[in-house]
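Please walk me through this model in plain paragraphs.

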Amino acid sequence: MTPASRRRRPARPGGVADRTAGYVFLLPWFAGLAIFTVGPLVYSLYLSFTRYDLLDAPKWIGLANYRRMFTSDPRYFHAVRVTLEYVVVVTPVKLGLGLAVALLLNRRRRGVGLYRSLFYLPSLLGTSVAVALVWRSLFAQGGAASDGLSSLGLPGTDFVNDPSWSLPTIILLSCWQFGAPMVIFLAGLKQIPSELYDAAAVDGAGFRQRFLHVTLPLLSPVIFFNVLLETINSFQAFTPAFIISGGTGGPADSTLFYTLYLYQSGFNDFRFGYASAMAWVLIAAVAVITALMFRLSRLWVFYGDGGNR
């Protein structure tokens, strides 16, 4: 069909009406996006350049909040350090556990469906307030962890109120929730053709060679997706630190996560302008890290069409 004949083709009856109906059905979604997402984002960006305590009208102060953040607030840099320690430890440990369990559950065996459900269950419960409270009681003085050490003849420790152990306690709670990445790894493993493993076995490759030269390259897009997702989620961690530390970030600010300090700045100290500036710095940092990860993925992620994206 030539371009001229294509231009002469009459419009399909009802096409305009169908498109109009589609836009009408999309209007509630666009309204929700504007009211609950775009609007608050733009307003928080404005607040980040103001001094605002919720009682008086915002007062424009320019870049003062950002200058204070980077030049005269030691707690801010402490919160950044605690958050980076958490992200650097939790993300690889969680993904390593998820991949290991996915490899075990990828084999056909009796009751494998039940095992998958049991391993996934902590991901459904782990971020809840109730589980964080249970975790706090387990690792506090007189809890099950401390009593267990005492029964073995080891000195019991108040893990929650000891600055050396409070952050590892939260990290342990987060690593326990590897069910979501495990399910994604399992779906990726199911997509790898068994013929490749058979061919590698015929060539004499053992489990280690098959894992390194078949599983990892073909699973690299799924690994990249999980790394990206878990890194962003780790930067947003809030509930475990808030519940276990009682909202203080203690003891001695050892669990003062970035998001928790942001919350304290806004809702405890009523510095909503400063809290908004912190939120936008976090968004910018996560965006830069995400872009960097996409850039580096070209070096190690392989897609089924034979090219890197």
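**A walk through the model**

Asp253 is partly exposed, with a relative accessible area of 22%. Here, buried means under 20% relative accessible area, exposed means over 50%, and partly exposed lies in between, using a 1.4 Å probe and protein chains only. This is a predicted model, in which local features need pLDDT of at least 70, side-chain atom pairs count only at pLDDT 80 or more, and totals for chains, interfaces and linings use all residues. Residues are numbered from 1 along each chain as its sequence is written, and side-chain values use heavy atoms, with hydrogens and water left out.

Stay with Asp253. It lies in the loop between α12 and α13. Helices (H or I, at least four residues) and strands (E, at least two) are DSSP runs, numbered from the N terminus. Asp253 has a positive phi of about 60°, although it is not a glycine. The loop between α12 and α13 also holds Pro251. The peptide bond from Gly250 to Pro251 is cis, with omega near 0°. For background, most residues other than glycine have a negative phi, and most peptide bonds are trans.

Leu54 is another case to look at. Its phi is positive, about 80°, and it is not a glycine. Leu54 sits in the loop between β1 (50–51) and β2 (59–60). With a relative accessible area of 47%, Leu54 is partly exposed.

Now turn to charge pairs. Side chains of opposite charge can pair when their charged atoms come close. How many salt bridges does the structure hold? There are 4. A salt bridge is a side-chain nitrogen of Lys or Arg within 4 Å of a carboxyl oxygen of Asp or Glu.

One of them joins Asp253 to Arg75, with the closest N and O atoms 3.0 Å apart. This pair links distant parts of the chain. Asp253 is in the loop between α12 (239–244) and α13 (258–268), Arg75 is in helix α4 (residues 74–105), and the two are 178 residues apart. Arg75 is partly exposed, at a relative accessible area of 28%.

Another salt bridge pairs Glu85 with Arg81, and here the closest N and O atoms are 2.7 Å apart. Both residues lie in helix α4. They are 4 residues apart, about one turn of the helix. Glu85 counts as partly exposed at 34% relative accessibility. Arg81 is partly exposed too, with a relative accessible area of 42%.

Arg271 forms a salt bridge with Asp269, the closest N and O atoms being 3.5 Å apart. Asp269 is partly exposed, with a relative accessible area of 42%.

Go back to helix α4, where Ala79 is found. Ala79 counts as buried, at 0% relative accessibility. Which residues does Ala79 touch, not counting residues up to four places away in sequence? They are Leu256, Phe257, Tyr258 and Tyr261. Contact means heavy atoms within 4.5 Å. Ala79 and Thr255 are 176 residues apart in sequence, and 8.1 Å apart in space, C-alpha to C-alpha.

Helix α4 also packs on helix α8 (residues 166–175), at an angle of about 35° and with the axes 9 Å apart. Axes are lines fitted to C-alpha atoms, for helices over the stretch in contact, and angles run from 0 to 180 degrees between N-to-C directions. α4 passes α8 in a right-handed crossing. A crossing is left-handed if the near helix is turned anticlockwise from the far one by less than a right angle, and right-handed if clockwise. On α4, the contact residues are Val82, Glu85, Tyr86, Val89, Val90, Val93, Lys94 and Leu97. On α8, they are Leu167, Ile170, Ile171, Ser174 and Cys175. The contact of α4 with α8 divides into 10 nonpolar, 1 polar and 2 charged residues. Ala, Val, Leu, Ile, Met, Phe, Trp, Tyr, Cys and Pro count as nonpolar, Asp, Glu, Lys and Arg as charged, and the others, Gly among them, as polar.

Finally, look at helix α11 (residues 207–235) and helix α14 (residues 272–297). They pack at an angle of about 165°, with their axes 11 Å apart. α11 and α14 are therefore roughly antiparallel to each other. Angles under 35 degrees count as roughly parallel, over 145 as roughly antiparallel, 65 to 115 as roughly perpendicular, and the rest as oblique. α11 passes α14 in a right-handed crossing. α11 contributes Phe224, Val227, Leu228, Thr231, Ile232 and Phe235 to the contact. α14 contributes Leu282, Val286, Ile289, Thr290, Met293, Phe294 and Ser297. The residues of this contact divide into 10 nonpolar, 3 polar and no charged.
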